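Here's a quick briefing on how this chain packs together.

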Amino acid sequence: MSRQTGSAIAATRAAGGLALPEGLRIGAAARRQMLGIALVAAFLWALRDKLATLDTAAILAALARVDALSWAGAIGATVASFAALAQYDALIHRALATGTAAHHARRGGWTAIALSQTIGFGLVSGALVRWRMLPDTSLVQASKITASVAATFLAGWAVLTAAVLLIAPIQLPHLPVLAVQGLAVLGLVLGGGLALVTLVLPEGLRLGRFTLRLPPLAVMARILLLAALDTAFAAVALWLLLPATEPLSLLALYPAFLLAQGAGLVSNTPGGVGPFEITLVSLLPATAQPELIAAILAWRIVYYGLPALAAMALVALRPAHRLPQSAVLAPDQAPPALLRGALADPQAELGLLRQGEHALLPGACGAGGWMIGRAPRTLVALLDPFGGAEGPALLDPLCHSARAEGRTPCLYKISPRLAARARAAGWVVAPVATEVWLDPRRFDLACPARAGLRRKLRKAEKSGLRVSLARGLLPLAEMAALSQDWAAAHGGERGFSMGRFAEDYVSAQQVVLARDATGRLVGFASFHAGAREWVLDLMRPAANAPDGTMQALIAAAIAEAGKTGVARLSLAALPPRAEDSTGPAAALWRHAEKGKGAAGLRQFKMGFAPQLSARYIAAPTPAALMLAAVDIARAIHRPAPLPGTGPARPEAILPPDPVFASTSS
């Protein structure tokens, strides 16, 4: 990929992976072009003696001897190389979630590269051509895509060149082979370090005012593969144009070809012209110069001239159109009826939508849908579909949307019935949680299994604790202060599939309050509340709350739910016990239980003698399942900030449901 190489280094400085510039800086590009001209002059001066010996007549004669079969083979290799490089754009569009169809992205990509490698000013010309080819893409987006393509190629080229030099070392002037291999090892170590960064810090590495965001490992691997295919076919095109009388193997040419590309990267000239030729001639001293220069000239005709002509014709036609791919709708994009249907569904836990961070995947013809969460690398369908939508029918739209966003599709906390249907569809399924629930209408505090609960409730009563269902205005200031203290003591609030305190959020829930003998708020619990189900959400006890406070809050909620005829009250989910799992899952849950209070939480919930139901996680492959599980765990324990109030919040669109009127502020 000697096209756009002149802009790759600049793109890396500007881009920082996928953290990209806000547009085109033509003045800066012009300065880099002047630097490239100066570097070319330096190359020419350093190799002036070698250039003086070139025989122009011999070069032209060697060019005339290139046969038709060699031309045809070089053209075929060029087509294969451009087919690989066009995939860069498809990857970047997917990673940036532009909504552009992959085949349109590929066409716009190779067209931009074919022209920018010929006319130079890669960042500017490449962005303008992409803007022309994708009329629904803004100039800023086109600039970001151009910079990303250049930066990702540079990274792929660096790792690939290091690997090739380690396998097939080449003698560099004034540098022993061992030193070359040492540099190659260093390059591979740096590449491995970047891969480690994207695993440990998927949200990006903060560098002052800028954030370095790297693609996921799967995307990195594809970039490396594309760089190998692209450069290998480009080298094959050159190799086929060499005369058969020259005993130069492709294995000997390839590392020299990659290093010549590096010289082109530094030079910043269109296609690396000048430094590329000079470097290649210097690294292949055993090859007759007239034949080598003639082959390079023929290669530039095939690899630069012909693609540029085809690209010019395609740009004149401007055939591409943007096709939005992701069907996932943000809360402010979803029809109000769809949001109302979700919040009225028997699955009361869909009340998480009121936090504003999750989206919706509509079902066919807008009938029902799925609540969707976004972890850094995963598109997660949470719980079961609502509104009568069928899970199997939504699997394809989910996968389609995940591909459009450059994420892995996953189902999380789904029911056993849906897990069975996902398994039948070929997905990999594993237990991820145990839901703890009971029937408030039949809850009997006197049963023997609840003896420990009765002791806790007596202790709370003796301390003077008063527990009541919140009616009228909520004491939001007290609740906020208590929640902040709790979060500070517990390393922050959990998120993603767990609620976080926000005034408008808890105002739409059923809340139970606990006050001590002095009237001070010492704890509260909130519930997603529907006509048929309540689900425990927030539990916030004060640090010095009387023993039994949380048990008293839950018991009061059970009593209230039973009075109103609610058939199911969920105490939310517990992770599976490590001793109940095997294989990698056992190690995962064992690690999760360390220092997280999981044993105490399990003991607290089991004190209510509840019923247990398994919940599952599912993904298309075992590897995707493991990566999704890690991604979701990270999103839970290190959640992104909640969206601010405003049109993006569902409660700004929908008025409070009448069932919550008694607790609304």
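The largest nonpolar core holds 74 residues, and Met479, Phe527, Ile554 and Phe608 have the most contacts inside it. Such a core is a set of buried Ala, Val, Leu, Ile, Met, Phe, Trp, Tyr and Cys residues joined through side-chain atoms within 4.5 Å; buried means under 20% relative accessible area, with a 1.4 Å probe and protein chains only. Helix 20 (residues 549-563) supplies the largest share of this core, eight residues. Apart from that core lies another one, of 60 residues, including Ile92, Leu115, Val219 and Leu283.

Keep in mind that this is a predicted model: local features need pLDDT of at least 70, side-chain atom pairs count only at pLDDT 80 or more, and totals for chains, interfaces and linings use all residues. Numbering runs from 1 along each chain as its sequence is written, and side-chain values use heavy atoms, with hydrogens and water left out.

**The chain overall**
- The protein chain has 24 helices and 13 strands, taken as DSSP runs numbered from the N terminus (helices H or I, at least four residues; strands E, at least two).
- Of its 665 residues, 51% are buried.
- Take the contacts (heavy atoms within 4.5 Å) between residues at least 6 apart in sequence: 74% of them join residues at least 24 apart.

**Around Phe527**
- Not counting residues up to four places away in sequence, phenylalanine 527 touches Gln509, Gln510, Val512, Trp534, Val535, Leu536, Asp537, Ile554, Ala557 and Leu569.

**Helix 17 against helix 20**
- Helix 17 (residues 451-462) packs on helix 20 at about 105 degrees, with the axes 8 Å apart; axes are lines fitted to C-alpha atoms over the stretch in contact, and angles run from 0 to 180 degrees between N-to-C directions.
- That makes the two helices roughly perpendicular, a label covering 65 to 115 degrees.
- Helix 17 brings Leu453, Lys456, Leu457 and Ala460 to the contact, while helix 20 brings Thr549, Gln551, Ala552 and Ala555.

**Alanine 256**
- Alanine 256 sits in helix 11 (residues 250-267) and is buried, at a relative accessible area of 0%.
- Leaving aside neighbours within four places in sequence, alanine 256 is in contact with Ile170, Leu280, Leu283 and Leu284.
- Phenylalanine 276 is 20 residues from alanine 256 in sequence and 9.9 Å away, C-alpha to C-alpha.

Terms used. Buried means under 20% relative accessible area, exposed over 50%, partly exposed in between (1.4 Å probe, protein chains only). Angles under 35 degrees count as roughly parallel, over 145 as roughly antiparallel, 65 to 115 as roughly perpendicular and the rest as oblique.
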